[in-house]
Amino acid sequence: MTDTTNPDAARSPSGDPYLLTPGPLTTSLSVKQAMLHDYGSRDATFIDTNARILERLVDIVNGRDTHVSVPLQGSGTFVVEAMIGNFVPVDGKLLILINGAYGQRIAKICDYYKREYLVQETPEDVPVNIVELDATLDNDTSITHVVVVHCETTSGILNPLREVAEVVARHRRSLLIDSMSAFGALPLDAREIEFDAVVASSNKCLEGAPGMGFCIARESALEKTEGNSPSLVLDLYDQWRAMQKNRQWRFTPPTHVLLAFDQALTEYEAEGGVVGRGGRYRANCDLLVSGMREMGFKTLLPDALQAPIIITFHMPTNPEFDFDAFYDGLKNQGYVIYPGKLTVADSFRMGCIGRLDQQHMQAALEAVKRMLKQFGIDRITSPD
Ligand SMILES: *Cc1c(COP(=O)(O)O)cnc(C)c1O
């Protein structure tokens with residue numbers, strides 16, 4: 001229990017506040033309970049569990065005939081960095097499509113790794129530009145790879161992945177995807193969308209415990225990455241080959257995180273995979289957006305660009321509205337929200353992913369209403 005000051009606060013089955021954030025996220029009690037075991041890294045049961053997880057991840061993208069999955073310790077950024085370091089060779093050139101902080105971070109990774117790159121940027125509330133992408137690939141034949149962020153968590157915007165993939169494939173370049181905040185909730189089918197690598201993590205939409213990421217790579221592309229990685233611990237090729245040989249991680253595996261992940265994937269499949277999971281998040285998102293709009297809050301994005309992951313709201317203009325007090329008051333009622341990260345507008349964010357359903361969203365809206373009452377605000381006013 002992280003907060004015992006308010007006995008009426010909403011609490012998850014483990015006694016914790018609900019996380020309406022981009023991660024770490026609220027997980028089910030059964031996912032947490034799966035971690036109550038110690039396994040050695042060479043234990044046969046553990047090794048089977050690991051293999052089962054990797055197969056199920058490939059199945060999520062229907063990639064059995066073409067793709068393999070490689071796991072890696074660390075937060076999501078570790079595996080994003082691993083993807084860049086492994087797939088973009090020293091003499092390659094990466095085109096980075098940027099409309100938020102996670103795209104910016106990829107450029108920073110390239111700076112560290114001294115990989116050549118080109119940036120194509122749109123504002124945080126505008127999807128990546130397909131026409132411009134087409135022209136850039138026409139004009140610059142030295143570009144070998146393109147990377148795109150599936151859902152830019154900075155704003156919650158959905159980027160047009162299918163269109164990006166079509167253009168990149170037509171120009172015969174290699175597509176890399178950061179699908180960290182979308183994987184498992186938004187469709188990504190390797191039979192329909194051509195990509196060489198996609199990365200995501202155990203926590204976000206798959207609702208496991210945080211602590212590991214994974215890369216689902218086209219086998220024929222991964223085979224060619226030997227020796228590319230400037231980092232030993234982030235060498236996906238080496239991790240893949242080692243695991244092919246003895247089914248083990250090269251270095252201490254996050255055993256508890258893997259046990260939780262296996263359970264999380266069982267719950268994911270029981271919910272109906274991407275259709276069920278994505279459907280629940282969509283219902284959460286719709287309820288949250290309409291409830292907040294009723295109070296006068298305004299979303300940054302039009303509905304057509306909004307991914308059902310995290311919603312950015314403009315900071316209200318009411319003088320009585322104090323964001324720090326709003327944040328603390330919601331936390332005290334059992335709901336953790338997230339500050340904004342935008343450069344285009346003053347904002348805050350509320351997530352609708354993790355083990356949350358419409359009842360939780362409805363209750364969170366009631367908590368917001370109580371805060372407005374406390375501030376003495378009848379109706380929220382937002383910038384035009
Ligand atoms: C969460 C996230 C990441 C990884 O962030 P970590 O804090 O390292 O887990 C990367 N890309 C996107 C789009 C994300 O939402």
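R355 is partly exposed, with 27% relative accessible area; here, buried means under 20%, exposed over 50% and partly exposed in between, using a 1.4 Å probe and protein chains only. The model is predicted, so local features need pLDDT of at least 70 and side-chain atom pairs count only at pLDDT 80 or more, while totals for chains, interfaces and linings use all residues. Residues are numbered from 1 along each chain as its sequence is written, and side-chain values use heavy atoms, with hydrogens and water left out.

The partner of R355 in a salt bridge is E271, with the closest N and O atoms 3.3 Å apart. A salt bridge is taken as a side-chain nitrogen of Lys or Arg within 4 Å of a carboxyl oxygen of Asp or Glu. E271 sits in the loop between helix 9 and helix 10 and R355 in the loop between strand 14 (347–351) and helix 12 (358–375), so the pair ties together parts 84 residues apart in sequence. Helices (H or I, at least four residues) and strands (E, at least two) are DSSP runs numbered from the N terminus. Like R355, which is partly exposed, E271 is partly exposed, at 24%. Both residues belong to a network of salt bridges that also links E207, R277 and R280.

By the same rule the structure has 22 salt bridges. One of them joins E269 and R56 at 3.0 Å, N to O. This pair links distant parts of the chain, with E269 in helix 9 (residues 255–270) and R56 in helix 2 (residues 44–60), 213 residues apart. E269 is partly exposed at 42% relative accessible area, whereas R56 counts as buried at 12%. Another salt bridge brings together K93 and E116 at 3.7 Å, N to O. Because K93 lies in strand 3 (residues 93–98) and E116 in strand 4 (residues 116–121), the pair ties together parts 23 residues apart in sequence.

Attention now turns to the loop between strand 8 (174–178) and strand 9 (197–201), where S181 is found. S181 is buried, with a relative accessible area of 1%. A polar atom of its side chain lies 3.0 Å from the backbone oxygen of C151, and a polar contact of 2.9 Å joins the side chains of S181 and T153. Such a contact is a pair of N or O atoms within 3.5 Å; within protein, one must be able to donate a hydrogen and the other to accept it, and residues adjacent in sequence count only if both atoms are side-chain atoms. Leaving aside neighbours within four places in sequence, S181 is in contact (heavy atoms within 4.5 Å) with C151, T153, K204, C205 and I309.

The structure also holds 15 aromatic pairs. Rings of Phe, Tyr and Trp (its six-membered ring) pair if their centres lie within 6.5 Å, and planes under 30 degrees apart count as stacked, over 60 as edge-to-face and the rest as tilted. F183 and F214 form an edge-to-face pair, 5.2 Å centre to centre with 70 degrees between the planes. F183 is in the loop between strand 8 and strand 9 and F214 in strand 10 (residues 212–218), 31 residues apart. Both F183 and F214 are buried. Elsewhere, F297, F313, F321, F323, F326, Y327, F348 and F375 form one aromatic cluster.
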